[in-house]
Structures are given as structure tokens and as C-alpha cells.
Amino acid sequence: MKVAIFGQYYQNDTRPIIKDIFVFFNKNNVELVIEEKFLEILYKEEIVSKKYNTFASHEDLDSSFDILISIGGDGTILRATTFVRDSGIPILGVNAGRLGFLAKVQKENIESFLQIVLEKKYTISERTLLSIKCPDIDLNFAMNEIAVSRKDTTSMITIETFLNGEYLNSYWADGLIISTPTGSTGYSLSCGGPILTPNVNALVITPIAPHNLNARPLVIPDDTEIKLKVSGREEQYLVSLDSRITSISNNSELIINKTPFKINMVEIPDETFFKTLRNKLLWGEDKRN
């Protein structure tokens with residue numbers, strides 16, 4: 001078995017998790033290939049001492065890899081997708097962060113879950129991604145959301161929105177979020193958007209602090225082409241793809257579509273999406289239940 005490992009280091013919180021993962025895989029003679037910068041930190045912090053092969057970009061990952069282990073939170077998984085891209089390598093998230101919907105493996109159960117990985121007794125959840133056509137953006141896909149927002153101003157921006165060429169609305173707002181089902185539990189949710197299950201073939205358009213108060217989140221088919229034209233008092237506005245932010249000139253047109261490939265997320269038995277919702281959002285915690 002060949003496993004790629006990518007992660008973030010959060011000092012004492014992460015150290016025991018990382019050690020448990022490396023001990024388990026080394027004990028079971030699994031070939032480990034570590035992301036270059038992450039391995040440098042592990043050597044510096046004296047968490048590992050053994051020599052490992054490394055990867056530094058998506059070009060270093062191929063079909064010989066069985067899985068990529070992401071150690072951190074949901075943000076770490078989003079960064080891991082930039083290495084995996086369209087390779088089809090499944091991603092398993094080990095949660096060393098806080099509120100995580102994607103990082104399913106908790107530190108208390110690492111060894112039992114890694115045994116499931118070793119025996120390949122997991123299933124795959126395919127996650128839709130979004131792409132954007134814009135000359136100023138190189139890494140042009142996102143698994144959670146693509147959002148436009150104001151820059152260097154407290155004034156609203158205007159976002160003219162078209163769906164498959166048909167005019168929908170001009171949002172006067174701080175911004176607009178185009179979310180995948182995966183991202184529906186992220187930024188969109190905090191702005192009042194609905195939660196979608198990961199297998200729904202839909203996207204969510206969620207305004208950020210809209211001035212036109214009758215503007216509400218809208219669920220649309222995921223094969224819809226979305227065109228945005230943003231204007232405002234400043235010369236530029238911001239476009240974010242998950243955590244990657246770019247400044248774009250006023251009145252530039254953005255074309256957003258579903259990508260032709262998906263990201264494969266590892267699903268562990270009994271760690272279902274609905275169980276995660278109950279745990280993370282405290283559903284059912286009312287004393288009357």
C-alpha cells in the first residue's frame with residue numbers, strides 16, 4: 001500500500017496524532033510519501049526521524065497512490081485537493097482542528113480507522129467542484145465555494161447574475177457565494193444558506209449581507225452555467241476559491257461551471273454525513289429529546 005500524507009502542525013494538539021499515524025503505518029510496512037514542507041516541520045519538531053520520500057506538487061502524485069491522508073481540519077483538506085486534483089486519489093481527513101465536516105477521523109479512534117483504511121473497507125463519496133473562467137486566476141477550482149466580495153471599502157458591491165444566459169438578479173450586497181453541496185456547511189451556511197447532502201446534484205447561490213432583504217439563497221441544478229458581473233465604488237473586488245483569494249478589476253465577467261472531475265472523499269463506516277451534522281451542530285441536544 002502506498003499512502004501520501006499532507007498536514008498542518010498545531011504544536012501539542014497535533015503531535016500525538018501525527019505520531020500515532022506514522023507508528024501505525026510503519027508497523028504495517030506501508031510506503032509513506034510526505035508533502036515536502038510538512039516533512040520539514042516534522043523533522044524540525046523532532047516528531048519523526050526516519051527518511052521518507054516526498055511530493056511537492058500535483059505532478060508528483062499518480063495512480064500508484066492508494067490514498068492521501070490529510071492531517072488537520074477542513075481547510076487542510078481543501079488545500080490537499082490542490083495536490084490531488086483530477087488524479088482520483090481518495091482523501092481521508094484526520095481531524096486535528098475544531099469544527100470539521102470533512103475531516104471524519106477523530107484522534108480518539110485513529111488506529112481503528114486506519115485499520116479500516118489498511119483493509120480498504122471504506123466507501124467513496126464523490127464531491128462536486130466548481131471552476132471559474134477568469135484570466136487572473138491560475139488554480140481555478142474549488143471544492144467548497146467560489147465567492148465574490150468587496151475590497152478596501154465599506155460600500156456594497158453590485159453583482160449582476162445570469163443563469164444559463166438568463167438574467168436572474170442584481171445583488172446589492174457585501175458579496176455572493178456560489179457553493180457546492182460540500183461547501184453548503186461552510187461559508188454559505190453562516191450566511192443563511194441551506195444544508196445540502198453531499199450527493200445532491202445542486203449548487204447554492206447565497207448573498208452576503210444583501211441590502212435587498214428579499215434576496216434569499218437559491219438552489220439550482222449543478223449543470224447551470226453562472227455568469228457574474230461585479231461593479232462597485234472601488235477599482236477592484238475579491239474572488240475567493242476556498243481559501244485562495246485574488247483581486248479582480250471592476251466589471252470583469254466571471255463564468256462559473258461544475259468541473260469535469262470530482263474529488264473522492266473516503267467515507268468510514270458509521271461516520272455518516274447525518275451523524276456528523278448531529279455531532280457538529282448539536283442537533284438533538286435539546287433536553288426534551
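Is K120 buried, partly exposed or exposed? With a relative accessible area of 46%, K120 is partly exposed, where buried means under 20% relative accessible area, exposed means over 50%, and partly exposed lies in between (1.4 Å probe, protein chains only).

This is a predicted model, in which local features need pLDDT of at least 70 and side-chain atom pairs count only at pLDDT 80 or more, while totals for chains, interfaces and linings use all residues. Residues are numbered from 1 along each chain as its sequence is written, and side-chain values use heavy atoms, with hydrogens and water left out.

The side chain of K120 meets that of D66 in a salt bridge, at 2.9 Å from N to O, the term standing for a side-chain nitrogen of Lys or Arg within 4 Å of a carboxyl oxygen of Asp or Glu. Because D66 lies in the loop between β3 (53-55) and β4 (67-72), and K120 in the loop between α4 (110-118) and β6 (123-127), the pair ties together parts that are 54 residues apart in sequence. Helices (H or I, at least four residues) and strands (E, at least two) are DSSP runs, numbered from the N terminus. D66 is partly exposed, at 21% relative accessibility.

A salt bridge also joins D222 and K258, with 3.4 Å from N to O; D222 sits in the loop between β14 (218-221) and β15 (226-231), whereas K258 belongs to strand β18 (residues 253-258), so that the pair links distant parts of the chain, 36 residues apart. Here D222 is buried, with a relative accessible area of 5%, whereas K258 is partly exposed at 31%. By this rule, the model holds 9 salt bridges.
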